[in-house]
Amino acid sequence: MFEEEVVIEAAGSLRNLCIDGGYDICAEMYNKNILVPWTTFIPKYLDGSATPPENAQNLVYEFADNVITVLWCLSETSNKALDAINKIQLVPFLMSFLGARDKLPLAPVTAAAHCLYVLTDDNAPAISDVRADAGYISCLLDIARSTDLSTTKDMDTIDHQPTLLKVLCSGILRNLSPLPPPTTASFIDVDKDLVLPLLQPLISSVSLFDASANALELITIQNSEPQIEKPSLKGTPGSDHKSKAEIELTRLETRLQTVRLALEILTGVCATLPDPKVEVPEESENEGDDDDAAAMDVGDDMKQEPPNTTTSASFLPTLVVPLLALIQPTSLSFPPLAAPSPHPPTTSALGAIHVAALECLNNIFLSLATQDDSTISSDHEAGRQVWDKIWSALAAVGTETALGQEIRQEVWHIAVGVLWGVGNVWKGSLAPNEEQVQLLIQLCGATSDDQIRVKCIGTLECLAQHPHSIHGNKASSIGTEPLIQATSALIDIYSDEGMPYDVNFRQGGYLLRLANSVEGLKKAVRSVDRRKPGGRDLRLRAEEVRDNLIAFIEPRYGNENYPQAVISKGNVYVSGNIGCTKDFKLVEGGVQPQTRAALENIAVVLKAAGSGLEHIVKVNIYLPNLPRDFASMNEVYLEVRVSRVEDED
């Protein structure tokens, strides 16, 4: 028996190393072939003839808990490790724990569910194995539906270990969805019928401030308790005794882990909110939002089925409010600047919850920004409240960047994406605050991450469109500096035309994008206030970059490296054209005059190539705001095409 205990202790130590050591330790374990001896345990466990005596079963279950935990940690290190674990065919082994959950300790059952949740996350072999057995799906549904949390008012009375198991099973079912026919499970909308009813009450009823206060109280009690003396005899086993405070802290960690996992699953739910139809409502012609790259990027990334607007709007009161509460930091959310956290596990869990809640909000507003739902965008007070709540959280997070404060930086990086989404939903109604504008500009200048810079500039662009905040618009325009720098960098990188990477410029359509940006750059240059400190130098530099950009673009429309058209195998491939005059000035009047001008420019190129508009087979059309401008563009496009075909006849 002593030998078995040593093996279990060793497995437990490896388990703790995986959890605490992170990716590097797990990768090293895989490289040391740790999977080889452990693969023999799984067939023995599944073989009924190897059932251990009753007094040894707990040891087997504890060992299984450790092995399973190590396996799901290893599966997240690399594709090679995941492929090796897939070959073990773990699904029957893991499902045997879930199927016998009423007869087993909860710890290995929960570990099995967690492992299955990780393995079914975009991993085809494991997904296929579970979907192939209707009994597996029925078992998972039974666990996920075992208690309806929406009827439970006091979440503190819930045992969160079984709740964690239910949350994990709902996540597994979501990974498997849509559930396969012909079982009745195939008629279940996993998100609507299962995930949201289970997880909404869970995140709505938790208070991180109460949890933090409870943890601090338990830490105080724990520190005041007399420490158990360590045995003096060599080889004497250590005590597994846990004080009442330690047990309560463990329960609190489980509860916070459950909330974090629920947020992780909800992030996926919010990422699949339905999107709007492409058709433009008649009244949209009166909506005066400027075109912006932010709205274009959000809309282009999501092309799914038309939405149920009522369903989307319902996420504001049901998810946004509790999520905003979960991003507010507590006294234990981050380590102190000059000392370790009083209780690192709680601090780690709270920080992870803040990050997960922000990611969930990011997906919600990313989806809502693509919807033309006036019931949301016209509620300016709601927009202001959401905006203020996010900034309130960021003020509490602070801007410290010392060693050990990485989680603060991660919160900021995700939060600026949320701010961009909120700005797009309530564009023009959020008055800029100069201090907030300066913080966004500082973040934009301090980061080396292009995506964060884009989000910062996109947020500033939304603030700059508040019609009555002239001073705030000027403050937002200070963002001209990173714009000038980015434009100057593109010119410097691609000016010689002789480097191998210049293929990116041609294939990415950078010339057309730069041509589209000329007018916007001119406005940005004019917005630079010479009277402000450094304004004169910035204005001179901005004017130089503007002139360099125009000089960079104009000759390339006649340059052999950037031809207006290429003829290959009888087909004419025309370069991108915009609605501009011959002297490269953008046609005024909006989408329709610019569409007509662009088509006329294309017609000239086609005529020179011996073809015409009537022979067009395929057209790629770029619109910064597709839902708003498509109908206007399409009207002119059809008119010009039809007239050319009639002329040809």
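## Overall picture

Of the 649 residues in the protein chain, 42% are buried, where buried means under 20% relative accessible area, exposed means over 50%, and partly exposed is in between (1.4 Å probe, protein chains only). This is a predicted model, so local features need pLDDT of at least 70 and side-chain atom pairs count only at pLDDT 80 or more, while totals for chains, interfaces and linings use all residues. Residues are numbered from 1 along each chain as its sequence is written, and side-chain values use heavy atoms, with hydrogens and water left out.

The protein chain has 30 helices and two strands; these are DSSP runs numbered from the N terminus, with helices being H or I of at least four residues and strands E of at least two. Take the contacts between residues at least 6 apart in sequence: 77% of them join residues at least 24 apart. Contact here means heavy atoms within 4.5 Å.

## Nonpolar cores

The largest nonpolar core takes in 134 residues, and Leu 98 and Phe 365 have the most contacts inside it. Another core lies apart from it, with 17 residues, including Ile 484, Val 518, Ile 553 and Ile 578. For the record, a nonpolar core is a set of buried Ala, Val, Leu, Ile, Met, Phe, Trp, Tyr and Cys residues joined through side-chain atoms within 4.5 Å.

## Helix α8, wrapped up

Helix α8 covers residues 106–119, so 14 residues in a run that spans 20 Å from first C-alpha to last, close to the 20 Å expected at 1.5 Å a residue. That expected span is 1.5 Å times one less than the number of residues.

The rest of the structure largely encloses α8, because 12 of its 14 residues are buried. Among the buried ones are Pro 108, His 114, Cys 115 and Tyr 117.

Four aromatic pairs turn up in the structure. One of them is Trp 391 with Trp 412, an edge-to-face pair at 6.0 Å centre to centre and 70° between the planes. This pair ties together distant parts of the chain: Trp 391 sits in helix α20 (residues 380–397) and Trp 412 in helix α21 (residues 406–425), 21 residues apart. Rings of Phe, Tyr and Trp (its six-membered ring) pair if their centres lie within 6.5 Å, and planes under 30 degrees apart count as stacked, over 60 as edge-to-face and the rest as tilted.

Both Trp 391 and Trp 412 are buried.

## Two buried polar residues

Ser 341 is in the loop between α17 (315–326) and α18 (344–368), and it counts as buried because its relative accessibility is 11%. Its side chain makes a 2.4 Å polar contact with the side chain of Thr 347, and a polar atom of that Ser 341 side chain lies 3.1 Å from the backbone nitrogen of His 343. A polar contact is a pair of N or O atoms within 3.5 Å; within protein, one must be able to donate a hydrogen and the other to accept it, and residues adjacent in sequence count only if both atoms are side-chain atoms. Setting aside neighbours within four places in sequence, Ser 341 is in contact with Leu 332, Pro 336 and Thr 347.

Arg 174 belongs to helix α11 and counts as buried at 18% relative accessibility. A polar atom of the Arg 174 side chain lies 3.1 Å from the backbone oxygen of Gly 268.

Ser 177 and Pro 178 are joined by a cis peptide bond, with omega about 0°. Pro 178 falls in the loop between α11 (160–176) and α12 (190–205).

Gln 89 has a positive phi, near 55°, despite being a residue other than glycine. Gln 89 lies in the loop between α6 (79–88) and α7 (91–99) and is exposed, with a relative accessible area of 53%. Asp 122 also has phi near 55°, again positive in a residue other than glycine. You'll find Asp 122 in the loop between α8 and α9 (124–131), exposed with a relative accessible area of 75%.

## Cysteines

The structure holds zero disulfides, a disulfide being a pair of cysteine sulfur atoms within 2.5 Å. Cys 456 is in no disulfide, and the nearest cysteine sulfur, that of Cys 444, is 5.1 Å away. Cys 456 counts as buried at 0% relative accessibility, and Cys 580 is buried with a relative accessible area of 13%.
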